[in-house]
Amino acid sequence: MNAQQLSVRLMKVAEYVQAGAVVADIGSDHAYLPCYLLHNGTASRAVAGEIVKGPYESAKKQVREEGLESKITVRLAPGLEAVEPADGITAVTIAGMGGSLIASILEEGKGRLQGVERLILQPNVHAKAIRQWAAQNGWHIAAEDILKEKGKIYEILVLEPGAEEVQLDAKQLLFGPELLKQQTDIFKEKWQREATQWRAIAERLENAQQTEDIRTRREQLLEKIALMEEVFADENS
(Lines give C-alpha, C1' and ligand atoms only; values in the text may rest on other atoms or scores of the structure.)
Protein backbone atom coordinates (compact mmCIF):
# COMPACT_ATOMS: atom_id res chain seq x y z
CA MET A 1 0.00 0.00 0.00
CA ASN A 2 1.14 3.55 -0.75
CA ALA A 3 -0.28 7.02 -1.50
CA GLN A 4 -1.18 5.99 -5.06
CA GLN A 5 -2.58 2.53 -4.31
CA LEU A 6 -4.56 2.21 -1.07
CA SER A 7 -5.80 -0.97 0.58
CA VAL A 8 -9.32 -2.10 -0.36
CA ARG A 9 -10.81 -0.77 2.90
CA LEU A 10 -9.12 2.65 2.60
CA MET A 11 -10.19 2.89 -1.05
CA LYS A 12 -13.77 2.37 0.12
CA VAL A 13 -13.34 5.08 2.79
CA ALA A 14 -11.99 7.41 0.09
CA GLU A 15 -15.06 6.79 -2.08
CA TYR A 16 -17.28 8.38 0.57
CA VAL A 17 -15.26 11.62 0.88
CA GLN A 18 -17.25 14.38 -0.81
CA ALA A 19 -15.72 16.31 -3.72
CA GLY A 20 -13.80 19.42 -2.64
CA ALA A 21 -13.76 18.37 1.01
CA VAL A 22 -11.29 19.66 3.58
CA VAL A 23 -10.39 16.42 5.31
CA ALA A 24 -9.07 15.60 8.77
CA ASP A 25 -7.68 12.06 8.83
CA ILE A 26 -7.37 11.03 12.47
CA GLY A 27 -4.86 8.30 13.24
CA SER A 28 -3.38 8.92 9.82
CA ASP A 29 -0.32 6.67 10.19
CA HIS A 30 1.70 7.27 6.96
CA ALA A 31 -0.87 9.82 5.69
CA TYR A 32 -1.55 7.61 2.67
CA LEU A 33 -5.27 8.42 2.67
CA PRO A 34 -4.98 12.25 2.65
CA CYS A 35 -2.17 12.05 0.08
CA TYR A 36 -4.36 9.86 -2.14
CA LEU A 37 -7.33 12.22 -1.76
CA LEU A 38 -5.20 15.21 -2.78
CA HIS A 39 -3.54 13.42 -5.71
CA ASN A 40 -6.95 12.35 -7.03
CA GLY A 41 -8.47 15.81 -6.69
CA THR A 42 -11.14 14.68 -4.22
CA ALA A 43 -9.95 16.80 -1.30
CA SER A 44 -8.88 20.43 -1.55
CA ARG A 45 -6.80 20.40 1.67
CA ALA A 46 -6.20 18.00 4.54
CA VAL A 47 -4.97 17.58 8.09
CA ALA A 48 -3.26 14.34 9.09
CA GLY A 49 -3.47 13.79 12.84
CA GLU A 50 -1.31 11.33 14.75
CA ILE A 51 -0.92 10.76 18.49
CA VAL A 52 2.25 8.63 18.25
CA LYS A 53 5.61 10.24 17.43
CA GLY A 54 6.82 7.49 15.05
CA PRO A 55 3.79 7.51 12.73
CA TYR A 56 3.68 11.32 12.97
CA GLU A 57 7.25 11.49 11.62
CA SER A 58 6.36 8.92 8.92
CA ALA A 59 3.36 11.02 7.88
CA LYS A 60 5.48 14.20 7.65
CA LYS A 61 8.06 12.36 5.54
CA GLN A 62 5.37 10.92 3.24
CA VAL A 63 3.69 14.30 2.72
CA ARG A 64 7.05 15.88 1.93
CA GLU A 65 7.96 13.11 -0.55
CA GLU A 66 4.57 13.48 -2.26
CA GLY A 67 5.14 17.22 -2.67
CA LEU A 68 1.98 18.04 -0.71
CA GLU A 69 3.33 20.12 2.18
CA SER A 70 1.33 23.17 1.04
CA LYS A 71 -1.91 21.14 1.04
CA ILE A 72 -1.58 18.71 3.98
CA THR A 73 -0.81 19.76 7.53
CA VAL A 74 0.51 16.99 9.79
CA ARG A 75 -0.13 17.45 13.53
CA LEU A 76 0.96 15.49 16.58
CA ALA A 77 -2.16 15.48 18.77
CA PRO A 78 -4.65 13.07 20.35
CA GLY A 79 -7.87 12.49 18.41
CA LEU A 80 -9.74 15.55 17.22
CA GLU A 81 -7.34 17.88 19.00
CA ALA A 82 -5.52 17.73 15.67
CA VAL A 83 -8.36 19.86 14.25
CA GLU A 84 -8.26 23.65 14.63
CA PRO A 85 -11.18 26.03 13.85
CA ALA A 86 -9.18 27.79 11.13
CA ASP A 87 -8.82 24.50 9.22
CA GLY A 88 -12.44 24.64 8.00
CA ILE A 89 -12.71 20.85 8.10
CA THR A 90 -15.76 19.45 6.23
CA ALA A 91 -14.99 15.72 6.42
CA VAL A 92 -13.39 13.57 9.11
CA THR A 93 -12.02 10.09 8.40
CA ILE A 94 -11.07 7.64 11.15
CA ALA A 95 -10.06 4.15 10.02
CA GLY A 96 -8.49 1.03 11.48
CA MET A 97 -9.44 1.40 15.16
CA GLY A 98 -11.98 -0.29 17.39
CA GLY A 99 -15.49 1.15 17.33
CA SER A 100 -15.40 1.98 21.05
CA LEU A 101 -12.20 3.98 20.59
CA ILE A 102 -13.64 5.82 17.57
CA ALA A 103 -16.78 6.66 19.57
CA SER A 104 -14.68 7.99 22.46
CA ILE A 105 -12.61 10.14 20.05
CA LEU A 106 -15.82 11.61 18.65
CA GLU A 107 -17.27 12.19 22.12
CA GLU A 108 -14.15 13.85 23.50
CA GLY A 109 -13.72 16.00 20.40
CA LYS A 110 -17.32 16.75 19.46
CA GLY A 111 -16.78 20.45 20.11
CA ARG A 112 -14.39 20.42 17.15
CA LEU A 113 -16.95 18.99 14.71
CA GLN A 114 -18.53 22.38 14.01
CA GLY A 115 -18.94 22.74 10.25
CA VAL A 116 -18.15 19.09 9.56
CA GLU A 117 -20.55 17.74 6.94
CA ARG A 118 -19.54 14.09 7.01
CA LEU A 119 -17.79 11.52 9.20
CA ILE A 120 -16.43 8.47 7.38
CA LEU A 121 -15.57 5.80 9.94
CA GLN A 122 -14.09 2.34 9.50
CA PRO A 123 -14.09 0.40 12.78
CA ASN A 124 -12.28 -2.93 12.92
CA VAL A 125 -14.74 -4.20 15.56
CA HIS A 126 -17.73 -2.99 17.63
CA ALA A 127 -19.40 -0.71 15.08
CA LYS A 128 -22.40 -0.68 17.45
CA ALA A 129 -20.56 1.77 19.74
CA ILE A 130 -20.39 4.28 16.87
CA ARG A 131 -24.08 3.88 16.05
CA GLN A 132 -24.96 4.47 19.70
CA TRP A 133 -22.83 7.64 19.74
CA ALA A 134 -24.40 8.84 16.48
CA ALA A 135 -27.95 8.28 17.74
CA GLN A 136 -27.26 10.12 20.99
CA ASN A 137 -25.55 13.07 19.32
CA GLY A 138 -27.84 13.85 16.40
CA TRP A 139 -25.78 12.28 13.59
CA HIS A 140 -27.74 10.13 11.18
CA ILE A 141 -26.33 7.20 9.25
CA ALA A 142 -26.26 8.34 5.63
CA ALA A 143 -24.62 5.16 4.32
CA GLU A 144 -23.02 1.94 5.44
CA ASP A 145 -20.80 -0.51 3.61
CA ILE A 146 -19.24 -3.87 4.34
CA LEU A 147 -16.24 -5.47 2.63
CA LYS A 148 -13.79 -8.30 2.95
CA GLU A 149 -10.04 -7.94 2.65
CA LYS A 150 -7.46 -10.67 3.33
CA GLY A 151 -10.02 -12.78 5.17
CA LYS A 152 -11.16 -9.96 7.47
CA ILE A 153 -14.53 -8.25 7.25
CA TYR A 154 -14.80 -4.49 7.77
CA GLU A 155 -17.76 -2.14 8.13
CA ILE A 156 -17.80 1.50 7.04
CA LEU A 157 -20.23 4.03 8.51
CA VAL A 158 -20.94 7.42 6.95
CA LEU A 159 -22.52 9.91 9.36
CA GLU A 160 -24.02 13.30 8.59
CA PRO A 161 -25.34 15.85 11.10
CA GLY A 162 -29.05 15.92 11.86
CA ALA A 163 -31.20 18.25 13.93
CA GLU A 164 -32.14 15.89 16.75
CA GLU A 165 -31.53 12.57 18.46
CA VAL A 166 -31.93 9.63 16.09
CA GLN A 167 -33.93 6.55 17.11
CA LEU A 168 -32.37 3.17 16.31
CA ASP A 169 -33.77 -0.12 17.58
CA ALA A 170 -31.65 -3.01 18.94
CA LYS A 171 -31.30 -4.69 15.53
CA GLN A 172 -30.32 -1.45 13.79
CA LEU A 173 -27.71 -0.68 16.46
CA LEU A 174 -26.09 -4.10 16.23
CA PHE A 175 -26.31 -4.84 12.50
CA GLY A 176 -26.60 -1.34 10.98
CA PRO A 177 -29.80 0.13 9.50
CA GLU A 178 -28.41 0.36 5.96
CA LEU A 179 -26.59 -2.98 6.09
CA LEU A 180 -29.81 -4.64 7.26
CA LYS A 181 -31.53 -3.40 4.11
CA GLN A 182 -28.77 -4.72 1.84
CA GLN A 183 -27.98 -8.06 3.56
CA THR A 184 -25.08 -8.87 1.23
CA ASP A 185 -23.26 -12.20 1.23
CA ILE A 186 -20.41 -10.61 3.22
CA PHE A 187 -22.91 -9.30 5.80
CA LYS A 188 -24.32 -12.82 6.20
CA GLU A 189 -20.84 -14.34 6.46
CA LYS A 190 -19.85 -11.86 9.17
CA TRP A 191 -22.85 -12.53 11.37
CA GLN A 192 -22.80 -16.29 10.87
CA ARG A 193 -19.17 -16.22 12.04
CA GLU A 194 -20.12 -14.06 15.02
CA ALA A 195 -23.06 -16.29 15.94
CA THR A 196 -20.84 -19.40 15.93
CA GLN A 197 -18.51 -17.68 18.40
CA TRP A 198 -21.38 -16.41 20.54
CA ARG A 199 -22.93 -19.88 20.82
CA ALA A 200 -19.59 -21.45 21.80
CA ILE A 201 -19.01 -18.79 24.48
CA ALA A 202 -22.58 -19.06 25.76
CA GLU A 203 -22.15 -22.83 26.11
CA ARG A 204 -18.92 -22.40 28.08
CA LEU A 205 -20.57 -19.83 30.33
CA GLU A 206 -23.51 -22.17 30.95
CA ASN A 207 -21.08 -24.78 32.25
CA ALA A 208 -19.03 -22.32 34.30
CA GLN A 209 -19.54 -21.56 37.98
CA GLN A 210 -22.47 -19.18 37.96
CA THR A 211 -21.88 -15.63 39.18
CA GLU A 212 -23.89 -12.50 38.49
CA ASP A 213 -21.33 -11.36 35.89
CA ILE A 214 -21.38 -14.71 34.07
CA ARG A 215 -25.18 -14.87 34.04
CA THR A 216 -25.39 -11.32 32.68
CA ARG A 217 -22.76 -12.01 30.01
CA ARG A 218 -24.56 -15.17 28.88
CA GLU A 219 -27.93 -13.38 28.74
CA GLN A 220 -26.39 -10.64 26.57
CA LEU A 221 -24.99 -13.26 24.17
CA LEU A 222 -28.32 -15.07 23.96
CA GLU A 223 -30.07 -11.76 23.21
CA LYS A 224 -27.66 -11.11 20.34
CA ILE A 225 -28.11 -14.63 19.00
CA ALA A 226 -31.90 -14.17 19.13
CA LEU A 227 -31.61 -10.87 17.24
CA MET A 228 -29.48 -12.49 14.56
CA GLU A 229 -31.89 -15.41 14.17
CA GLU A 230 -34.72 -12.88 13.84
CA VAL A 231 -32.85 -10.99 11.10
CA PHE A 232 -32.22 -14.11 9.06
CA ALA A 233 -35.74 -15.44 9.67
CA ASP A 234 -37.15 -12.13 8.36
CA GLU A 235 -35.01 -12.46 5.24
CA ASN A 236 -36.09 -16.06 4.57
CA SER A 237 -39.80 -15.50 5.22
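Which helices and which strand each supply at least two residues of the lining of the largest pocket? The legends below take up this pocket and then other parts of the model.

**View 1. The largest pocket and its lining.** In this predicted model, where local features need pLDDT of at least 70, side-chain atom pairs count only at pLDDT 80 or more, and totals for chains, interfaces and linings use all residues, helix 5 (127-136), strand 7 (152-161), helix 8 (185-207) and helix 9 (212-236) each supply at least two lining residues of the largest pocket. Residues are numbered from 1 along each chain as its sequence is written, and side-chain values use heavy atoms, with hydrogens and water left out. Helices (H or I, at least four residues) and strands (E, at least two) are DSSP runs, numbered from the N terminus. The largest pocket has a volume of about 680 Å³, and of its 24 lining residues the closest to its centre are Val125, His126, Lys190, Trp191 and Glu194. A pocket is an open set of points on a 1 Å grid over the protein atoms alone, where a 1.4 Å probe fits, with protein on both sides within 12 Å along at least five of seven lines, and lining residues have an atom within 4 Å of a point. Grid points are joined across faces, edges and corners, and the volume is the space filled by probe spheres set on the points. Helix 8 gives the most to this lining, with 7 residues.

**View 2. Aromatic rings around tryptophan 191.** The structure holds 4 aromatic pairs, a pair being rings of Phe, Tyr or Trp (its six-membered ring) with centres within 6.5 Å, where planes under 30 degrees apart count as stacked, over 60 as edge-to-face and the rest as tilted. Tryptophan 191 and tryptophan 198 form a tilted pair, 5.9 Å centre to centre with 50° between the planes, and both residues are buried (buried is under 20% relative accessible area, exposed over 50% and partly exposed in between, with a 1.4 Å probe and protein chains only).

**View 3. Helix 2 and the largest nonpolar core.** The largest nonpolar core has 33 residues, and those with the most contacts inside it are Val23, Leu37 and Ile72; a nonpolar core is a set of buried Ala, Val, Leu, Ile, Met, Phe, Trp, Tyr and Cys residues joined through side-chain atoms within 4.5 Å. Helix 2 (residues 32-39) gives the most to this core, with 6 residues. Because 7 of its 8 residues are buried, helix 2 is largely enclosed by the rest of the structure. Leucine 37 touches Ala14, Val17, Val23, Thr42 and Ala43, not counting residues up to four places away in sequence, where contact means heavy atoms within 4.5 Å. Helix 2 is followed by glycine 41, whose phi is positive, near 75°.

View 4. Methionine 1 lies in the segment before helix 1 and is exposed, with a relative accessible area of 54%. Methionine 1 and tyrosine 32 are 31 residues apart in sequence and 8.2 Å apart in space, C-alpha to C-alpha. Tyrosine 32 is among the residues that methionine 1 touches, together with Leu6, Ser7 and Leu10, not counting residues up to four places away in sequence.
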